[in-house]
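Here is my notebook from an afternoon of looking around in a structure.

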Amino acid sequence: MTNFTLAGFGARLVAQIIDSFIVGFAMSLIIIPIFGIGALTGAMGDSDTAGLIAGLAILPIILMAFVGPVIYEVFMLSSSRQATFGKVIMKIKVIDEQGQRLTLGAAVGRTLIKYLTVNFCFLLWLWPLFNKEEQALHDLIVRDLVIRD
Amino acid sequence: MLQIPFPAVKKTVIVIAAISVVSFYYLSDPEKSHVGFACLLHHSTGFLCWGCGGQRAFHELLHGNLQKAFELNALVFPVVGLLAHVLVCELTKQNPSYPLIRKRRVSLGILILVIGFTIFRNLPT
């Protein structure tokens, strides 16, 4: 294993907060126009069409809300950056136990476990505080490390 | 790529996040507003996990209602203490390493405490 410095709990937390804002902003760019069209149509007096647009928009919005953050994280972690934009700003990245970039499968697994555990109980995100490798549950399962870039 | 002074960003974001979370839970009563995280385990099984009632307990704690906070979730006291410790360490140290809570005996003790608390609160009264 090559020499590395672990990212630190604070840097990981801040990277996650930054990513939440990035994903939230991207989602709003998609969601606001859809409801805007619906509201505009409603204002023009066609309430049936407005209702239909709003109704049709809900399914993709729900899908985007869950799938969007996962796709973003999988794509970024398995890219050459090995980090989301939040992690890039905090100068940290994710590596596997051999120090290599995560495979696509590992990135998918890591991301799904991460969102599953936080939805189960957000206290599970405190897990990195309790082990020397600063690994959260998703890191332990996929066997990766978050290190300084 | 974007080059921002790392410690400054980290500290600023942590301070803003901490103030936001405390303000949110002070102003918003999770009992009434239903805003915040819902527990999937409680919804699907009816069992209380170690975190159930934590948000309501934190709200009561911020309003000084210690007994009600304790009744809703007694773990709110050690968790808030831990988070306060983390906050101070992250703001005052360059690379906090948390040697005490990362000792095997301490982390094992915390795990036993959390599991024991979860079993205890689900015992039939």
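**Confidence.** I began with pLDDT, the predictor's confidence in each residue, from 0 to 100. Chain A averages 86, and 93% of the residues score at least 70.

**Ground rules.** I noted that this is a predicted model, where local features need pLDDT of at least 70 and side-chain atom pairs count only at pLDDT 80 or more, while totals for chains, interfaces and linings use all residues. Residues are numbered from 1 along each chain as its sequence is written, and chains are lettered from A and ligands numbered from 1 in the order in which they are written.

**Layout of chain A.** I found five helices and two strands in chain A; these are DSSP runs numbered from the N terminus, helices being H or I with at least four residues and strands E with at least two. Along the sequence the pattern reads α-α-α-β-α-α-β. Chain A is more spread out than a compact globule, because its radius of gyration is 19 Å, well over the 15 Å that the globule rule gives for 149 residues. That radius is taken over C-alpha atoms, and the rule is 2.2 Å times the number of residues to the power 0.38. The C-alpha trace of chain A spans about 65 × 30 × 25 Å along its principal axes.

**Inside.** I looked up burial next: 28% of the 149 residues of chain A count as buried, meaning 20 or more other C-beta atoms, placed from the backbone, within 10 Å of a residue's own. A nonpolar core is a set of buried Ala, Val, Leu, Ile, Met, Phe, Trp, Tyr and Cys residues joined through C-beta atoms within 7 Å. The largest one has 22 residues, and Ala11(A), Val14(A), Leu77(A), Met90(A) and Ile92(A) touch the most other members. H1(A) gives the largest share of this core, five residues.

**Across to chain B.** Which residues does Val14(A) contact, leaving aside its neighbours within four places in sequence? I listed Met90(A), Val9(B), Lys10(B), Val13(B) and Ile14(B); contact means C-beta atoms, placed from the backbone, within 7 Å. Between the chains, the contact takes 25 residues from chain B and 20 residues from chain A. H1(B) gives the most to the side of chain B that touches chain A, with six residues.

Conventions: Contact = placed C-beta atoms within 7 Å. Buried ≥ 20, exposed ≤ 12 C-beta atoms within 10 Å, placed from the backbone.
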